[in-house]
Amino acid sequence: MLQVGPLLPSLHRNLREHYDAVLLDDQPDGFLDEHGAEFTAVVTTARIGVDRALMDRLPRLRVIANFGVGYDTTDVAAAAERGIAVSNTPDVLTDCVADTAVGGLIDVMRRFSAADRFVRRGDWTRGTYPLATKVTGKRIGILGLGRIGQAIARRLAGFDAEISYHSRRPVEGVPYAYAESPEKLAAWSDALIVATSGGAETRGLVSAAVLEALGPAGYLVNVARGSVVNEPALVAALTCGRLAGAALDVFADEPNVPPALLDLDSVLLLPHIASATHETREAMGDLAFRNLRSFLVEGSLITPIPQG
């Protein structure tokens, strides 16, 4: 059992106790050249993943268990070619990510974090804080109406929001209007929430044209992946006033955040914490471990990712 990258302490302990897992980061250079053929399973995080080069150094690899719902950092095509099973941890983080999206939307539209800084600087003694934007009743576009997108929509119903969405195809059984393209969704929306999956298919999906369609009164919330948004175009739109604001939990080159955003009160910057609660992370660790155990004992995964 090979552990790639740091994991939740409880998951790390489980792997050590039940499978005598080896942490790759602790091994000397050349370790895999000598021992790579000994490993049949890898546990990693959605942020690190397993690329083709690492798979090539593990000739007997049979399964990759991802701690996280995203798997765009793992070369799924290479895994499929070699018959390597890959799992992730969906569902258990849906609520927290949806909560973060709605919380970020409220924060950036009402400018709560900026108002907090206003008070802490002592500026309240010198004048009143500027007016912000109401959330209730707004038109909210959701880019990606999967589990998380639908959870966001359900929460926004409590704000009397009008919901529209765009996904690769219309979702059956939902009461929300389908937009034919991200640009059309953005043009309709007061705020656009990005909740789609990452990876090559969605890279740059929120393009300069989408941001232009969202416009100077529009807001962007991203709880998906930094790669989904054209980050230079976003920075330009925010710094030039062509977008009203953004709440960002993810970035293109984490943990590096574009310096131009750091001093903007119109932007909420979060360190990729949408699922970062004790309850959710423990549930993710438990599911990652159960996926691994299920595969090694029964030959099947509980939550396999789609391949092919």
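The model is predicted, so local features need pLDDT of at least 70, side-chain atom pairs count only at pLDDT 80 or more, and totals for chains, interfaces and linings use all residues. Residues are numbered from 1 along each chain as its sequence is written, and side-chain values use heavy atoms, with hydrogens and water left out.

**Exercise 1. Describe the second largest pocket and sort the residues of its lining.**

Step 1: On a 1 Å grid over the protein atoms alone, a pocket is an open set of points with protein on both sides within 12 Å along at least five of seven lines, a cavity is a set of points where a 1.4 Å probe fits but cannot get out, and lining residues have an atom within 4 Å of a point. Grid points are joined across faces, edges and corners, and a volume is the space filled by probe spheres set on the points.

Step 2: the second largest pocket holds about 280 Å³ of space. Its lining has 14 residues, and Arg47, Thr73, Arg225, Phe251 and Glu254 lie nearest the centre.

Step 3: the lining sorts into three nonpolar, five polar and six charged residues.

Step 4: take a look at Glu254 again. A cis peptide bond joins glutamate 254 to proline 255, with omega about 5°. Proline 255 sits in the loop between strand E11 (245-248) and strand E12 (267-269); helices (H or I, at least four residues) and strands (E, at least two) are DSSP runs, numbered from the N terminus.

**Exercise 2. Find what lines the largest cavity, and which helix gives the most to it.**

Step 1: searching the whole structure turns up three cavities of 30 Å³ or more. The largest has a volume of about 50 Å³.

Step 2: its lining includes Asp107, Arg111, Arg117 and Asp265. By type, the lining residues split into four nonpolar, two polar and four charged.

Step 3: H5, helix H6 (112-120) and E12 each supply at least two of the lining residues. H6 gives the most, with three.

**Exercise 3. Work out the strand order of the open sheet and follow E9 through it.**

Step 1: two strands pair if DSSP finds at least two bridges between them. Seven strands make up the open sheet, in the order E8-E7-E6-E9-E10-E11-E12, with parallel pairing. Strand E8 (177-178) and E12 are the edge strands, each pairing on one side only.

Step 2: E9 pairs in the parallel sense with E6 over four bridges, and leucine 143 stands opposite valine 194 in E9. E9 and E10 also pair in the parallel sense over four bridges, and isoleucine 193 has valine 221 in E10 as its bridge partner.

Step 3: in a regular strand the side chains alternate between the two faces of the sheet. In E9, Ala191 and Ile193 on one side and Leu192 and Val194 on the other are all buried, which leaves both faces covered. Buried means under 20% relative accessible area, exposed over 50%, and partly exposed in between (1.4 Å probe, protein chains only).

Step 4: now for a helix that packs here. The buried residues of helix H7 (residues 147-156) are Ile148, Gly149, Ala151, Ile152, Ala153 and Leu156. They pack against helix H5 (94-110), strand E6 (139-143), strand E7 (162-166) and strand E9 (191-194), where contact means heavy atoms within 4.5 Å.

**Exercise 4. Count the aromatic pairs and classify the one with tyrosine 19.**

Step 1: rings of Phe, Tyr and Trp (its six-membered ring) pair if their centres lie within 6.5 Å; planes under 30 degrees apart count as stacked, over 60 as edge-to-face and the rest as tilted. That rule gives four aromatic pairs.

Step 2: tyrosine 19 and phenylalanine 289 are 6.0 Å apart centre to centre, with 50° between the planes, and the pair is tilted. It links distant parts of the chain, 270 residues apart: tyrosine 19 is in helix H1 (residues 9-19) and phenylalanine 289 in helix H11.

Step 3: tyrosine 19 is partly exposed at 25% relative accessibility, whereas phenylalanine 289 is buried, with a relative accessible area of 6%.

How values were computed. Ala, Val, Leu, Ile, Met, Phe, Trp, Tyr, Cys and Pro count as nonpolar, Asp, Glu, Lys and Arg as charged, and the others, Gly among them, as polar.
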